[in-house]
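Here are my notes on this one, point by point. Have the coordinates open while you read.

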Amino acid sequence: MTIEENYGRVVQQVRAAEEQAGRPAGSVRIVGVSKTVGRDEVDRGYAAGLRDFGENRVQDAKAKFAPPLPSDAHMHLIGYLQTNKARDAVALFDTIHSVDRPELIEALERRAAQIEKIVRVLVQVNIADEEQKHGCEAADAEGLIRQIVECPHLDITGLMAIAPLVGDAEAARPVFRGLRELRDRLAAIDPRFTLPELSMGMTNDFAVAIEEGATMVRIGRAIFVE
């Protein structure tokens, strides 16, 4: 199947999952994970209607997206961000999903202030406590969010999690539910913690993630490969 056909199928599947969950159509944003493909495939995704693109590595995205995408396309950094890459990340990405430590927040605020840009950020939580995964512990999320809300050039918009790779999507449900419940607890603490976004769910499990409240699903293989 072509990228255009793949994207159309994914849109239908996401809309079906929204309906199944009793949520409004269009309430879930599809972030096309373009890390494994080149600019030609990205442009085909854009032509098909995809507007959000997720990359794991700053240096790869710098090379791939010069010249930049059209103004209505949005770049998401979904991979681990080294502090020394903060300047390039702030310049290139609209939303950074993988904020997980105080020193990274400091670096992002400093770099965003230099170019007078507001950057949307999500706190990545290692909700499943996997040793090999990045992300803060759930107990540390409140402190990071408090730090972010004091940064005038960072806009805290929600939480992100990466579920374990499992054969049955239902096995990932506790992770998605745990992130949503954490978000709800945090949002009740302080009126500044609005946290509307939940970035969770990928090709194998996004329908379950949507049932549990995902507002952004990160889908690569089902769009660009299959």
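How many of the 6 residues of strand β5 (residues 119-124) are buried?

1. Quick housekeeping: this is a predicted model, where local features need pLDDT of at least 70 and side-chain atom pairs count only at pLDDT 80 or more, while totals for chains, interfaces and linings use all residues. Numbering starts from 1 along each chain as its sequence is written, and side-chain values use heavy atoms, with hydrogens and water left out.

2. Back to β5: 5 of its 6 residues are buried (under 20% relative accessible area, 1.4 Å probe, protein chains only). Strands here are DSSP E runs of at least two residues, and helices are H or I runs of at least four, numbered from the N terminus.

3. On one side, β5 pairs with strand β4 (residues 95-99) in the parallel sense over 3 bridges (pairing takes at least two DSSP bridges). Thr95 stands opposite Arg120 in β5. The chain gets from β4 to β5 through helix α5 (residues 102-114), in a right-handed β-α-β crossover (clockwise from the first strand over the helix to the second, with the strands pointing away from the viewer).

4. β5 also pairs with strand β6 (residues 154-160), again parallel, over 6 bridges. Here Gln124 stands opposite Met160 in β6. With helix α6 (residues 141-149), β5 and β6 make a right-handed β-α-β unit.

5. Have a look at Arg101, in the loop between β4 and α5. Arg101 counts as buried because its relative accessibility is 11%. Its side chain makes a polar contact with the side chain of Tyr80 at 3.5 Å (N or O atoms within 3.5 Å, one able to donate a hydrogen and the other to accept it; residues adjacent in sequence count only if both atoms are side-chain atoms). A polar atom of the Arg101 side chain also lies 2.6 Å from the backbone oxygen of Leu81.

Conventions. Buried means under 20% relative accessible area, exposed over 50%, partly exposed in between (1.4 Å probe, protein chains only).
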